[in-house]
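Here are my notes on this entry. Please read them with the structure open.

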Amino acid sequence: MADVDMAQNSGTTAETDNDWVRVMSDDGYSFLVRRSVANASETMRDMLDTAGNYAEAIARTCPVSQRAVIVEKLLEYMSFKAYYEKAGPKEEVPVQEFMERIPPEIVLELLLAADYQNM
Amino acid sequence: MSLPDDRVPTLVQYCQRVASVHVDSISSLGDELRYDLVKPILERCTVDQLMRLEQASPYLQKETPEIWKGLCFRTYPAANDRYRRGEILEPDSWKEQYFDLVQEEARKFEAVGNKIRRQRLEAEERKKDSGIRVTTQQPTGKRRWGVSVQPKTLFQKTKSEASRLQKNMYSKPMLPPMPNNGKNYRVLPAANSALLPTSTSNSRVTVNTVVHSVSASGSSSSVSSTSKGSPLVTTSNPVESPRKKPRLDLPADSQLPKPMAVKRDPTASLFLPKHRAYSQRIK
């Protein structure tokens, strides 16, 4: 219960800068990202939402059934999105730049994963 | 939250774009991707790419007719119009329809190509026909009034030759045609010769007509009455030569009777030159 309180505490405070979550790939790799980044994916946000009482939310770990390569790219996108959604209106979003960061070799897998993650 | 979501494209959209760009490198779309996920990719495929991806993932074939329909209309807009107007019914397979249209197009193209080729060949044929040809045939004689001349046998030739000789030998020899076509030739002197000397003067030549009368009686020296002593033909231009030959000798001989002087034999002047000899022309 104490763990849950702690988890709930961290979820409701504005200290999201220190609020890190773990994202795990199916081949054993772990990625640590800020919660704000994780929230870029609706699926992850719901999974990690403490109000839902999911096990993942308690553990603050979100498993993704994808290879590490894919998970890494997913998180990269989520960082990109989280940053520029908060950016001022005058700041230009380098849309094309991110496109170049997607290697064709993984694009179909990534498409599948992105669709699952609702992003 | 205050910013609209459309500033950053979704990862799905990003992936679709990248996949469309590299669609040649994609051997198969697999079997996990839903149709509506890959639809934007397929819509941007060429016919060959679409065929390949369909074969690799047969489950997509159920839903691709709409893509084939789009391909039909984009490639053959004329067919699109016909369909809209209801002339073509909805085919069972738009894919088949597409390939039917391709074949139809190829047939039309070939037909046009053949027509052009045929026309060109015909034009060349016509040119050849009107050109010069080497032949061993004898040329046929020129046809007059549409009657063609039949080649004569040797016997016929001999016969006609003989009859012609026969005709000519015993008949009056044919006179040669009159010089000057019979014009400008006076057998007798003109009746109103006294009125004649009308000098027509132009810029270059002054021609005074000289008239010599040759009278049958000739007893009196009527030389001076109707003729001038010497011909008065003056020219300022050496090129123009007088047309009338002066006959100085005649007045002198007018005293002598001339029994045949009235009628001149046309053949006598046959060999008279029309103009003066070159060496005699006035310089």
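Is B:Ser20 buried or exposed? The points below start there. Keep in mind that this is a predicted model.

1. B:Ser20 is buried, because its relative accessible area is 19% and the cut-off for buried is under 20%. The residue belongs to helix 1 of chain B, which covers residues 11-21.

2. Which residues does B:Ser20 touch, once neighbours within four places in sequence are left aside? The contacts are B:Pro40, B:Ile41 and B:Arg44.

3. Next, a helix pair in chain B. Two packed helices are described by the angle between their axes and the distance between the axes. For helix 4 (residues 65-75) and helix 5 (residues 77-84) of chain B, the axes come within 5 Å and cross at roughly 115°. Helix 4 of chain B is therefore roughly perpendicular to helix 5 of chain B.

4. The residues at this contact can be listed. Helix 4 of chain B brings B:Lys69, B:Phe73, B:Arg74 and B:Thr75. Helix 5 of chain B brings B:Pro77, B:Ala79, B:Asn80 and B:Tyr83. By class, the contact has 4 nonpolar, 2 polar and 2 charged residues.

5. Now chain A. It has 7 helices and 3 strands. From the N terminus, the order of elements is α-β-β-α-α-α-β-α-α-α.

6. Burial and surface of chain A: 40% of its 119 residues count as buried. The chain exposes about 6900 Å², with carbon and sulfur atoms supplying 50% of that area.

7. How much of the contact set in chain A, at a separation of 6 or more, comes from residues 24 or more positions apart? The share is 57%.

Key: Residues numbered from 1 in each chain as written. Chains lettered and ligands numbered in written order. Predicted model: local features only at pLDDT ≥ 70, side-chain atom pairs only at ≥ 80, totals over all residues. Heavy atoms only, no water. Helix = DSSP H or I, 4+ residues; strand = E, 2+ residues; numbered from the N terminus. Buried < 20%, exposed > 50% of the residue type's maximum accessible area, 1.4 Å probe, protein only. Contact = heavy atoms within 4.5 Å. Areas by Shrake-Rupley, 256 points an atom, 1.4 Å probe, with all protein chains shown as cover. Axes fitted to C-alpha atoms, helices over the stretch in contact; angles between N-to-C directions. Parallel < 35°, antiparallel > 145°, perpendicular 65-115°, else oblique. Nonpolar A, V, L, I, M, F, W, Y, C, P; charged D, E, K, R; others polar.
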